[in-house]
Amino acid sequence: EPEVTQTPSHQVTQMGQEVILRCVPISNHLYFYWYRQILGQKVEFLVSFYNNEISEKSEIFDDQFSVERPDGSNFTLKIRSTKLEDSAMYFCASTETSAADTQYFGPGTRLTVL
Amino acid sequence: AQSVTQLGSHVSVSEGALVLLRCNYSSSVPPYLFWYVQYPNQGLQLLLKYTSAATLVKGINGFEAEFKKSETSFHLTKPSAHMSDAAEYFCAVKTGTASKLTFGTGTRLQVTL
């Protein structure tokens, strides 16, 4: 069964450093998403991406964040200058269409900012 | 705006007992509703979804949920709990005008012997 994959599974970084989280969505999917889950809290939407551009973003997704689909398979989330409060589990998801279709989630990357 | 409220952050049931996890939604347009399960240190796995077809939706692992428009609810049930059902359960809503999922705060299900 096709699945969304994410690397690395755990990333530790120093405050102020740049990090790139990587995702490989399911191959025939067209819509891609990033969510985050701070420890003990609910899953929060960050950004959605379609046709090589951001289709929607949340208030959390400020200028420190960016997304990119550098090739036909990867989807990345970059945090330019990490803060302590960026420590969270980051989930990538993809879906064939944006309507009723299910969003399939990856296993997540746990980001720890020291 | 869309939102989801999950009543009860922790639910404990005995093995073999009924599982009932509550979810109420708010949406100005007909919603799509989802239940996801998260096992420890894992990602989110879809249990079931409502997409305006049948109001009673059956999912994996014996779970089902009923969409009740009059009550704006989408409660998750399972007739008989199993130890392997212990996990965090998230209700989520999506509307046709927005592709993002809005999640509830989650309910941690504990199953005891």
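**Conventions.** I worked on a predicted model, where local features need pLDDT of at least 70, side-chain atom pairs count only at pLDDT 80 or more, and totals for chains, interfaces and linings use all residues. Residues are numbered from 1 along each chain as written, chains are lettered from A in the order written, and side-chain values use heavy atoms, without hydrogens and water.

**Interface.** I found 18 residues of chain A in contact with 19 residues of chain B (heavy atoms within 4.5 Å). The buried area is about 1600 Å², with 54% from carbon and sulfur atoms; this is the accessible area (1.4 Å probe) lost on putting the two parts together, summed over both.

**Salt bridge.** The rule gives one salt bridge across this interface (a side-chain nitrogen of Lys or Arg within 4 Å of a carboxyl oxygen of Asp or Glu). I located a salt bridge between Lys100(B) and Glu56(A), at 3.8 Å from N to O.

**Largest pocket.** I noted about 480 Å³ of space in the largest pocket. A pocket is an open set of points on a 1 Å grid over the protein atoms alone where a 1.4 Å probe fits, with protein on both sides within 12 Å along at least five of seven lines; lining residues have an atom within 4 Å of a point. The volume is the space filled by probe spheres set on the points. Of its 21 lining residues, Glu1(A), Tyr104(A), Phe105(A), Leu44(B) and Gln45(B) are the closest to the centre.
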